[in-house]
Amino acid sequence: QVQLVESGGGLVQAGGSLRLSCAASGRTSGSYAMGWFLQAPGKEGEFVARITWSGGNTFYADSVKGRFTISRDNAKNIVNLQMNNLKPEDTAVYYCAASTSRLLHTTPIGYDYWGQGTQVTVSS
């Protein structure tokens with residue numbers, strides 16, 4: 001069992017930045033990769049970014065490429081999502097998730113454990 005806790009959400013003006021963090025605990029050794037997803041009206045579990053624990057390989061949704069950066073600290077079991085140049089359409093609840101699969105999943109079904117989510121609101 002893996003427990004995930006997100007933090008760092010909040011209110012920011014368009015063009016600003018936020019840094020989300022996800023702390024993992026429990027049986028984390030079985031997790032191969034971590035992903036970030038968002039939930040908003042009309043956006044059901046939309047993929048944001050993914051990173052592998054071992055090699056640090058990253059993959060991003062086209063909508064955030066060049067603006068968001070996912071990173072991880074293996075020693076601390078922490079995954080971060082640096083969000084720059086935020087836009088109002090980025091407003092959503094952001095969830096981190098852990099996957100035990102080696103496949104590059106970009107849908108929620110590919111992830112086994114989920115955090116509680118953290119709200120990100122970007123004002124115009």
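**Entry 1: strand 9 and its partners**

I began at strand 9, where two bridges join this strand to strand 10 (residues 113-114), the two running antiparallel. For the record, I take strands (E, at least two residues) and helices (H or I, at least four) as DSSP runs numbered from the N terminus, and I call two strands paired if DSSP finds at least two bridges between them. Within that pairing, alanine 97 stands opposite tryptophan 114 of strand 10.

A note on the source before I go on: this is a predicted model, in which local features need pLDDT of at least 70 and side-chain atom pairs count only at pLDDT 80 or more, while totals for chains, interfaces and linings use all residues. Residues are numbered from 1 along each chain as its sequence is written, and side-chain values use heavy atoms, with hydrogens and water left out.

Next I looked up the other partners of strand 9. Strand 4 pairs with strand 9 in the antiparallel sense over seven bridges, and there glutamine 39 faces valine 93. Strand 11 is also antiparallel to strand 9, with three bridges; valine 93 stands opposite glutamine 119 on that side.

Is strand 9 enclosed by the rest of the structure, or open? Six of its eight residues are buried, so strand 9 is largely enclosed. My cut-offs: buried is under 20% relative accessible area, exposed is over 50%, and partly exposed lies in between (1.4 Å probe, protein chains only).

**Entry 2: the disulfide**

I counted one disulfide, taking a pair of cysteine sulfur atoms within 2.5 Å as the rule. Cysteine 22 is joined to cysteine 96, S to S 2.0 Å. The two ends come from distant parts of the chain, with cysteine 22 in strand 3 and cysteine 96 in strand 9, 74 residues apart. I checked the torsion about the S-S bond too: for cysteine 22 and cysteine 96 it is about 55°, so the disulfide is right-handed. Both cysteine 22 and cysteine 96 are buried.

**Entry 3: the core**

Which residues of the largest nonpolar core touch the most other members? They are Trp36, Val48, Leu81, Met83 and Tyr94, out of 34 residues. By nonpolar core I mean a set of buried Ala, Val, Leu, Ile, Met, Phe, Trp, Tyr and Cys residues joined through side-chain atoms within 4.5 Å. Strands that each supply at least two residues of this core include strand 1 (2-7), strand 5 (43-52), strand 8 (78-83) and strand 9 (92-99).

I then followed tyrosine 94, counting contact as heavy atoms within 4.5 Å. Leaving out residues up to four places away in sequence, tyrosine 94 touches, among others, Glu6, Leu20, Trp36, Phe68, Met83 and Val120.

**Entry 4: a loop residue**

I also stopped at threonine 28, in the loop between strand 3 and strand 4. Threonine 28 is buried, at a relative accessible area of 19%. Beyond its neighbours within four places in sequence, threonine 28 is in contact with Val2 and Asn77.

**Entry 5: the whole chain**

I found 11 strands and zero helices. The radius of gyration (over C-alpha atoms) is 13 Å, close to the 14 Å of the globule rule (2.2 Å times the number of residues to the power 0.38) for 124 residues, so the chain is as compact as a globular protein of that length. Along its principal axes, the C-alpha trace spans about 40 × 25 × 25 Å. I noted that 43% of the 124 residues count as buried.
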